[in-house]
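Subject: Handover of a structure and notes on its fold

Dear colleague,

Please find below the structure that I am handing over to you. I would ask you to keep it open while you read the notes.

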Amino acid sequence: MIMEGSIGIVVNEVLSRHVASFLAEAETDRYPYAVYSSSVTPVYTKDGIHHYESDVVVTIYAEDLDKADAIADKVIRDMTNHEYEWFVARMVSTTPDCVEGVWTREIVFRIKEFV
């Protein structure tokens, strides 16, 4: 399942190049995988919607930190360096963590989609 709209399509496309990905909840227990979610807000001008802003949270799960870091670095590179003129993404934060032997790398992107 992917998020509706252009932002969701691009996020899913980028993630699927590097890791199995799922919207909101994992549908596997095989590492590595990524789970992502988004909140989309329209930004208005007097003429109507100017663009959409979305905070996209991607969490990568892996057996070890090196694997999580390698995938995260590729995802960050592809999300922030893309070929779309209507789509601008920047990384806001990234945080590593380990819970019960599973490493995660959470990445937060701020994305603008121009209409």
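The model is a predicted one, in which local features need pLDDT of at least 70, side-chain atom pairs count only at pLDDT 80 or more, and totals for chains, interfaces and linings use all residues. Residues are numbered from 1 along each chain as its sequence is written, and side-chain values use heavy atoms, with hydrogens and water left out.

The sheet

Helices (H or I, at least four residues) and strands (E, at least two) are DSSP runs, numbered from the N terminus. Two strands are said to pair if DSSP finds at least two bridges between them. In general, strands of a sheet pair through backbone hydrogen bonds, either parallel or antiparallel.

Here, five strands make up an open sheet with mixed pairing, in the order 1-2-3-5-4. Strand 1 (20-23) and strand 4 (87-99) each have a single partner strand and stand at the edges, so one side of each is left without a neighbour in the sheet. From one strand to the next, the twist averages 25 degrees; for angles, axes are lines fitted to C-alpha atoms, for helices over the stretch in contact, and the values run from 0 to 180 degrees between N-to-C directions.

Strand 5 (residues 102-114) runs antiparallel to strand 4, to which twelve bridges join it. Two of the facing pairs are Asp-97 with Thr-104 and Thr-94 with Ile-107. Strand 5 also pairs with strand 3 in the antiparallel sense, over twelve bridges; there, Asp-55 stands opposite Arg-110.

Strands 4 and 5 form a hairpin with two residues between them. Glu-100, in the turn, has a positive phi of about 50 degrees, although Glu-100 is a residue other than glycine. Glu-100 is exposed, with a relative accessible area of 80%. The terms for burial are as follows: buried means under 20% relative accessible area, exposed over 50%, and partly exposed in between (1.4 Å probe, protein chains only).

Helix 2

Does the length of helix 2 agree or disagree with what its residues should span? At 1.5 Å a residue, the 16 residues of helix 2 (residues 65-80) should span 22 Å, and the end C-alpha atoms are 22 Å apart, which agrees. The expected span is 1.5 Å times one less than the number of residues.

Asp-64 caps the N-terminal end of helix 2, with a side-chain oxygen 3.2 Å from the backbone nitrogen of Asp-66. The buried residues of this helix are Ala-68, Ile-71, Ala-72, Val-75, Ile-76, Asp-78 and Met-79. An α-helix has 3.6 residues a turn, so residues three or four places apart point the same way. Helix 2 packs on the sheet and touches strand 3 (48-62), strand 4 and strand 5; contact means heavy atoms within 4.5 Å. The direction of helix 2 makes about 5 degrees with that of strand 5.

The core

A nonpolar core is a set of buried Ala, Val, Leu, Ile, Met, Phe, Trp, Tyr and Cys residues joined through side-chain atoms within 4.5 Å. The largest has 22 residues, and those with the most contacts inside it are Val-75, Phe-109 and Ile-111. Helix 1 (5-16), strand 2 (33-45), strand 3, helix 2, strand 4 and strand 5 each give two or more residues to this core. Leaving aside residues up to four places away in sequence, Ile-111 touches several residues, including Ile-7, Val-11, Tyr-52, Met-79 and Phe-87.

Single residues

Which side chains make polar contacts with that of Arg-105? Arg-105 belongs to strand 5 and counts as buried at 8% relative accessibility. Its side chain makes a polar contact of 2.7 Å with the side chain of Asp-69, and another of 2.7 Å with that of Thr-94. A polar contact is a pair of N or O atoms within 3.5 Å; within protein, one must be able to donate a hydrogen and the other to accept it, and residues adjacent in sequence count only if both atoms are side-chain atoms.

The loop between strand 1 and strand 2 holds Ala-24 and Pro-32. Ala-24 has a positive phi, near 70 degrees, and is exposed, with a relative accessible area of 58%. The peptide bond from Tyr-31 to Pro-32 is cis, with omega near -5 degrees.

A colleague
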